[in-house]
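The tour goes from the whole chain to single residues.

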Amino acid sequence: MFIVLTTVAIFFGYHMNWIRQRHDAIQSCAYHLVPAEAPGVLWLFGEQGYSDIWIETKNKDPSPTEERRESERVARLFPEAKNIVVTYWEYGVHR
């Protein structure tokens, strides 16, 4: 019984941490999201999936390495996303 409860607790803890990281990423840098089906069992927790994610970078001239690193980080958090775009946005001017 203890092993079953421990396994269930680890399962819930892992997924709740993943959801927290997804929400943090959305609040900190994503500004355009297209809804889709959530990956895996996240839908059981009421989590929304996204097929397209546009990320706003704080750096006016991000290097290709920074853009790739941010895209990879978001891709790990949102495996359902088909398109992840890293861009800079200031005063309504898109670059």
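Among contacts in the chain between residues at least 6 apart in sequence, what percentage join residues at least 24 apart? The share is 64%, where contact means heavy atoms within 4.5 Å.

Two notes on reading the numbers. This is a predicted model, in which local features need pLDDT of at least 70 and side-chain atom pairs count only at pLDDT 80 or more, while totals for chains, interfaces and linings use all residues. Residues are numbered from 1 along each chain as its sequence is written, and side-chain values use heavy atoms, with hydrogens and water left out.

**Whole chain**

Show the chain as a cartoon. Two helices and five strands make up its secondary structure; helices (H or I, at least four residues) and strands (E, at least two) are DSSP runs numbered from the N terminus. Along the sequence their pattern is α-β-β-α-β-β-β.

Switch to a surface. Of the 95 residues, 29% count as buried. Buried means under 20% relative accessible area, exposed over 50%, and partly exposed in between (1.4 Å probe, protein chains only).

**Helix α1**

Select residues 2-29, which form helix α1. Its 28 residues reach 41 Å from the first C-alpha to the last, close to the 40 Å expected at 1.5 Å a residue; the expected span is 1.5 Å times one less than the number of residues. The buried residues of α1 are H15, W18, I19, R22, A25, I26 and C29.

**The core**

Select L42, Y50, I53, I55, V74, L77 and F78. Of the 15 residues in the largest nonpolar core, these touch the most other members. Such a core is a set of buried Ala, Val, Leu, Ile, Met, Phe, Trp, Tyr and Cys residues joined through side-chain atoms within 4.5 Å. The elements giving two or more residues to this core are α1, β2 (49-56) and α2, and α1 gives the most, with five. Zoom in on F78: leaving aside neighbours within four places in sequence, F78 is in contact with R22, A25, I26, Y50 and I53.

**Salt bridges**

How many salt bridges are there? The count is five, a salt bridge being a side-chain nitrogen of Lys or Arg within 4 Å of a carboxyl oxygen of Asp or Glu.

Select R22, E47 and E80, which are linked in a network of salt bridges. The closest N and O atoms are 3.1 Å apart for E47 and R22. E47 lies in the loop between β1 (30-36) and β2 and R22 in α1, so this pair ties together parts that are 25 residues apart in sequence. For R22 and E80 the closest atoms are 2.9 Å apart, and E80, in the loop between α2 and β3, is 58 residues from R22. R22 counts as buried at 0% relative accessibility.

Last, select R68 and E72, whose salt bridge has its closest N and O atoms 3.8 Å apart. R68 is partly exposed at 48%, and E72 is partly exposed at 42%.
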